[in-house]
Structure formats: structure tokens, C-alpha cells
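This briefing goes through one protein model, topic by topic. Look at the chain as a whole before turning to single residues.

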Amino acid sequence: MRRFLAVLLIVLIFAGCFSTGLKVEGTEEFKQDIQAALDLLQEKAPEHYEMVNKYLTGVELVGNDGVTAINIYRKFTMTEEAYINRRDSGYKELGLAFDLVHEATHANRMKLNLDNRNDVESEEKIAVEAEIEVAKLLEAPQELIDWLGEKKHRKWW
Ligand SMILES: [Zn+2]
């Protein structure tokens, strides 16, 4: 019984370590906004939420000399400019939720060695497809879904 309790305690400690969620770095406002986007995903798109948590190693707000992209460590860096853009768009949580899913899709493919670096266009299409999928699950307004549809056919990166 004592051994069982000891094992249980260790399991609980480990579970605690792994369930602390995604590491988010940046201003308090940024952290709160990312958390709101994560909550939205958890509630309405649990599979995407799981993908974000499983494949992204972190989210960091960076200065405008940085890039809005996924780095080799599968961390999503977002520039202040990109963040302000989302924040002031009128669709803050939705926009950030799409961004998280977009970058997590890249991260997922990187982790599984499925990404083809010689074909950026295909990789971007796959990531935007995931955004459209999650937009529908999150019951995003049609104008946003249409905008994503256009984005898929535009060379925007
Ligand atoms: Zn991308």
C-alpha cells in the first residue's frame, strides 16, 4: 500500500509537470490574450487545442526586428506589429486562435518530418487549410472564413 501511494505520488507530480501547458512569454496583456485564444480552442476545437499544446514548445512576443513564424525549436514567435494587428482587428481571440493553429500545424509537420522545405507554398496551404477548419469549428463569421479562403490562394508569405 505504501509503495502504491509512493508510485501514485510520483505519477501525480509528473502529470503536474506535463499539464502546466504552453509556455507564453511577453507582456501580461499578450499572455492573457493568448490564454483567451487557448481557452476558446479548448472549448470548441479540442483536437486543435491538443495539437497546439503537443507540438508548439512555446509562444513568445518579440520585437519588430524578429519574425512572426515558427523557429527550429518549434516555438511560435510573434512580432509586436503582428500582435497589435490581431489585437485591433475586432477578432482578437479568433485571430490569435487561427495563428496558434497555423503555427502548430507547421510544428506538427516539422516534428513528424513531413514538412517539405523546398515547397513553402504547399506547406503554407496546409497551414491555412487548418485555419479554415478551425474557423468553422469556432463558428467564425463568414467574412473571416472567406478571408482565409483567399489567403490560401494568395502568395502572402
Ligand atoms: Zn505558415
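Does Glu139 count as exposed or buried? Glu139 counts as exposed, because 9 C-beta neighbours lie inside 10 Å, and a residue with 12 or fewer is called exposed. The model is predicted. The protein has seven helices and four strands, and 29% of its 157 residues count as buried.

**Overall layout**

- From the N terminus on, the order of the elements is α-β-α-α-β-β-β-α-α-α-α.
- Of the contacts between residues at least 6 apart in sequence, 54% join residues at least 24 apart.

**Two loop residues with positive phi**

- Glu139 is in the loop between α6 and α7, the latter spanning residues 142-152.
- The phi of Glu139 is positive, at about 55°, although Glu139 is not a glycine.
- Asn113 is not a glycine, yet has a positive phi of about 55°.
- Asn113 sits in the loop between α5 (92-111) and α6 (120-137).
- Asn113 is exposed, because 7 other C-beta atoms lie within 10 Å.

- Helix α3 covers residues 46-55, and its buried residues are His48, Tyr49, Met51, Val52 and Tyr55.
- These residues cover an arc of only 160° around the axis, so they are on the same side of α3.
- An α-helix has 3.6 residues a turn, so residues three or four places apart point the same way.
- Pro46, Glu47 and Lys54 are exposed on the other side of α3.
- The buried residues of α3 pack against α2 (28-44), α5 and α6.

**How α2 meets α3**

- Two packed helices are described by the angle between their axes and the distance between the axes.
- The axes of α2 and α3 come within 5 Å and cross at roughly 135°.
- With that angle, α2 is oblique to α3.
- From α2, the residues making the contact are Leu38, Leu41 and Gln42, while α3 supplies Pro46, His48, Tyr49 and Val52.
- Sorted by class, this contact of α2 with α3 has five nonpolar residues, two polar ones and no charged ones.

**Tyr55 in helix α3**

- Tyr55 lies in helix α3 and counts as buried because it has 20 C-beta neighbours inside 10 Å.
- A residue is called buried if 20 or more other C-beta atoms lie within 10 Å of its own.
- Beyond its neighbours within four places in sequence, Tyr55 is in contact with Arg74, Ala104, Ala107, Asn108 and Lys111.
- Tyr55 and Glu103 are 48 residues apart in sequence, and their C-alpha atoms are 9.1 Å apart in space.

**The nonpolar core**

- In soluble globular proteins, nonpolar side chains tend to be buried together.
- The largest nonpolar core here has 33 residues.
- The residues with the most contacts inside this core are Leu41, Val52, Ala97, Leu100, Val101, Ala104 and Val134.
- At least two residues of this core come from each of α2, α3, β2 (58-62), β4 (75-79), α4 (80-87), α5 and α6.
- Helix α5 supplies the largest share of this core, eight residues.
- Which residues does Val101 contact, leaving aside its neighbours within four places in sequence? Val101 is in contact with His48, Val52, Ala130, Glu131 and Val134.

Technical notes
Residues numbered from 1 in each chain as written. Predicted model: local features only at pLDDT ≥ 70, side-chain atom pairs only at ≥ 80, totals over all residues. Arc of directions from axis to C-beta. Contact = placed C-beta atoms within 7 Å. Axes fitted to C-alpha atoms, helices over the stretch in contact; angles between N-to-C directions. Parallel < 35°, antiparallel > 145°, perpendicular 65-115°, else oblique. Nonpolar A, V, L, I, M, F, W, Y, C, P; charged D, E, K, R; others polar. Core = buried A, V, L, I, M, F, W, Y, C linked by C-beta atoms within 7 Å.
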